[in-house]
Amino acid sequence: MKKIYGIGTGPGDPELLTLKAVRIMKEVDVIFAPNNKGKNMALDTAAEFIEGKEIVFLDFPMGKVTEEIYIQNAKIMEENVGEGKAGAFLTIGDPTYYSTFINMMEFFSDDVHLEIISGIPSFVGAAGRSNSPLAFTGEEFSVIDRIPLENPKADSLAILKAFKLEEDELDRLERFGFEYKYIQRASLPEEIILEDKSEILKERDYISLILARRKK
Ligand SMILES: C[S@@+](CC[C@H](N)C(=O)[O-])C[C@H]1O[C@@H](n2cnc3c(N)ncnc32)[C@H](O)[C@@H]1O
């Protein structure tokens, strides 16, 4: 049997990797990572623990990923892991939401044992860095990747992929009664935390999110 791990590398600070993630990255025979024009945040986070390891880059063209591409990349991964050996696909934050790994899982053959290694989710890292409570007892908290058209039920929101947000969407969030913070590259040396809408709209970094809380 072959083993393939989906490892979450957390929000970016290597000190926020789990001990288990580090142990498994050191143990596996091959590391897989998405090829983002030569840049990869998960690999940067893990760099000191995977020195000298074979790295196989996989192409997932942003905004154009089809089922066929997931199938091809799952096949490439299987071919690069020998019988009885193990490989690890690195993914930022935690693998169980908005990740390439969960999109690929159904396309591995029965010869592969899959295992997810949890990472600190980006919104948890961002909440910590910006001293933002995510949910008090009895509150509802939602993770979303766009601002809804209708006022949501939740008291607190983590809105990922904030690089896409337009002014009218932030206006709508305000009309719904939310105040918010924008956190870019949480936990990294270049981290930015903003509350001013015009300042937020000047930033267009993929590694950013909004934490919003309903005003009392
Ligand atoms: C493809 S999703 C990956 C989500 C991932 N599974 C996670 O746990 O965050 C990419 C989005 O994660 C968010 N993200 C990841 N790391 C971040 C960080 N350090 N600071 C702010 N946002 C981050 C951004 O919203 C980005 O657009």
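How far does a backbone N or O atom of Pro-11 lie from a nitrogen atom of the ligand? The distance is 2.7 Å.

The views show a predicted model, in which local features need pLDDT of at least 70, side-chain atom pairs count only at pLDDT 80 or more, and totals for chains, interfaces and linings use all residues. Residues are numbered from 1 along each chain as its sequence is written, and side-chain values use heavy atoms, with hydrogens and water left out.

**View 1. Residues around the ligand.** Pro-11, Tyr-97, Ser-122, Tyr-206 and Ser-208 come nearest among the 18 residues around the ligand (a heavy atom within 4 Å). The shell comprises 12 nonpolar, three polar and three charged residues (nonpolar: Ala, Val, Leu, Ile, Met, Phe, Trp, Tyr, Cys and Pro; charged: Asp, Glu, Lys and Arg; polar: the others, Gly among them). Domain 1 (2–119) and domain 2 (123–214) each contribute at least three residues to this shell; the bounds come from an automatic or database domain assignment.

View 2. A polar backbone atom of Tyr-206 is 2.7 Å from a ligand oxygen atom. For Ile-92, a backbone N or O atom lies 3.4 Å from a nitrogen atom of the ligand. The protein buries 96% of the 570 Å² that the ligand exposes when taken alone (Shrake-Rupley method, 1.4 Å probe).

**View 3. The largest cavity.** About 40 Å³ of space lies in the largest cavity (a set of points on a 1 Å grid over the protein atoms alone where a 1.4 Å probe fits but cannot get out; lining residues have an atom within 4 Å of a point; the volume is the space filled by probe spheres set on the points). Its lining includes Tyr-182, Glu-203 and Arg-204.

How values were computed. Polar contact = N/O pair within 3.5 Å; in protein donor to acceptor, adjacent residues only side chain to side chain. 1 Å grid on protein atoms, 1.4 Å probe; cavity = no way out; pocket = protein on both sides within 12 Å on 5 of 7 lines; lining within 4 Å.
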